[in-house]
Amino acid sequence: MEKSKVYFTKDTGSKSLVRLYETLGKELTGNVAVKLHSGEKGNQNFLRPEFVKPIIDKVNGTVVECNTAYGHDMGGHRFNTESHRRVLKEHGWTENFDVDILDAEGPDLVLDVPNGKILKENYVGKDIDKYGSLLVLSHFKGHPMGGFGGALKQLSIGVASSDGKCWIHSTGKSKDMKDCWEIPIEHDEFLEAMTDAAQTVHNYFKDHVVYINALVNLSVDCDCCHVAEDPCMKDIGIMISTDPVAIDQACLDMVYNSTDPGRDHLVERIESRNGRHTVDAAAALGFGTKEYELIDIDK
């Protein structure tokens with residue numbers, strides 16, 4: 001497989017997202033879904049609407065989200081549609097964009113995983129079928145379970161319905177929020193289940209998907225945490241690619257090669273959860289490559 005192109009800029013201003021998109025030269029057409037993390041109630045690190053507005057306006061996109069799989073007992077306020085919409089409003093999404101909760105109504109869309117290592121099917125919000133193109137706009141950061149969150153996690157956990165999230169987290173054993181967190185699993189199998197699911201969404205949109213990763217607000221915690229650690233590293237920049245594996249690998253390399261004093265804290269989070277296995281597993285499935293050419297658009 002040839003090296004994938006990953007474009008990068010150190011400029012973390014909102015206009016850089018558009019500049020990267022125009023440099024990539026891959027136009028998203030038709031109804032464009034913009035999958036991003038809208039932030040758990042109380043989270044301080046998620047990407048703000050004003051930061052992403054220029055690129056969402058550029059592609060005339062609809063912000064899409066799916067309900068979560070954790071309730072109030074785990075700090076969740078987005079596990080059902082009514083509560084989720086309140087948080088979307090509080091965070092400024094609904095006043096700035098058209099917003100679609102893809103699994104607001106069932107039944108889920110079931111995507112087959114023909115060569116999945118762990119999963120044989122993936123459950124996503126059924127309204128994804130309204131869209132012909134997908135912009136995956138990810139906040140790259142650490143994660144309490146996956147080690148890190150980027151394009152691959154956004155494709156898998158992010159696009160999965162509430163039931164689908166349970167299915168991935170339980171490695172294909174339960175779609176029930178009440179018991180999926182209690183089922184014993186092998187951690188690497190969870191990471192592999194994520195990549196099985198990610199592949200189905202990537203392949204669903206085929207040649208009509210673009211990935212942007214923003215390496216800003218670099219906390220060890222995810223935007224799904226209602227109480228998250230403050231960022232431990234300075235902002236690094238923004239990347240764009242059509243390859244979700246390459247862009248996540250490039251982000252990991254940027255973090256690992258950093259001389260920032262907070263680098264070790266984030267790397268420890270990634271290593272302690274074997275986070276790099278996610279990229280390895282995705283590359284093994286063949287829907288992306290870890291081999292990339294990094295192109296700095298500032299030079």
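A salt bridge is a side-chain nitrogen of Lys or Arg within 4 Å of a carboxyl oxygen of Asp or Glu. In this predicted model, Lys290 and Asp280 form such a pair, with their closest N and O atoms 2.6 Å apart.

**Salt bridges**

- By this rule the count comes to 14 salt bridges, and the pair of Lys290 and Asp280 joins the loop between helix 10 and strand 12 to helix 10, across 10 residues.
- Lys290 is partly exposed, with a relative accessible area of 33%, and Asp280 is also partly exposed, at 35%.
- Lys58 meets Glu22 in a salt bridge at 3.0 Å, N to O, which links helix 2 with helix 1 over 36 residues.
- Asp207 and Lys26 pair at 2.8 Å, N to O, although they lie in two loops 181 residues apart.

**Helix 7**

- Helix 7 covers residues 187–205, and its end C-alpha atoms are 28 Å apart, which agrees with the 27 Å that its 19 residues should span at 1.5 Å a residue.
- Of these 19 residues, 14 are buried, so that the helix is mostly covered.
- Just after helix 7, Lys206 takes a positive phi of about 50 degrees.

**Nonpolar cores**

- The largest nonpolar core has 46 residues, and those with the most contacts inside it include Leu134, Phe140 and Val201.
- Among the elements that give two or more residues to this core are strand 1, strand 7 and helix 7, while its largest share, eight residues, comes from helix 8.
- A second, separate core has 31 residues, including Ile55, Val63, Ile101 and Ile238.

Key: Residues numbered from 1 in each chain as written. Predicted model: local features only at pLDDT ≥ 70, side-chain atom pairs only at ≥ 80, totals over all residues. Heavy atoms only, no water. Helix = DSSP H or I, 4+ residues; strand = E, 2+ residues; numbered from the N terminus. Expected span 1.5 Å × (residues − 1). Buried < 20%, exposed > 50% of the residue type's maximum accessible area, 1.4 Å probe, protein only. Core = buried A, V, L, I, M, F, W, Y, C linked by side-chain atoms within 4.5 Å.
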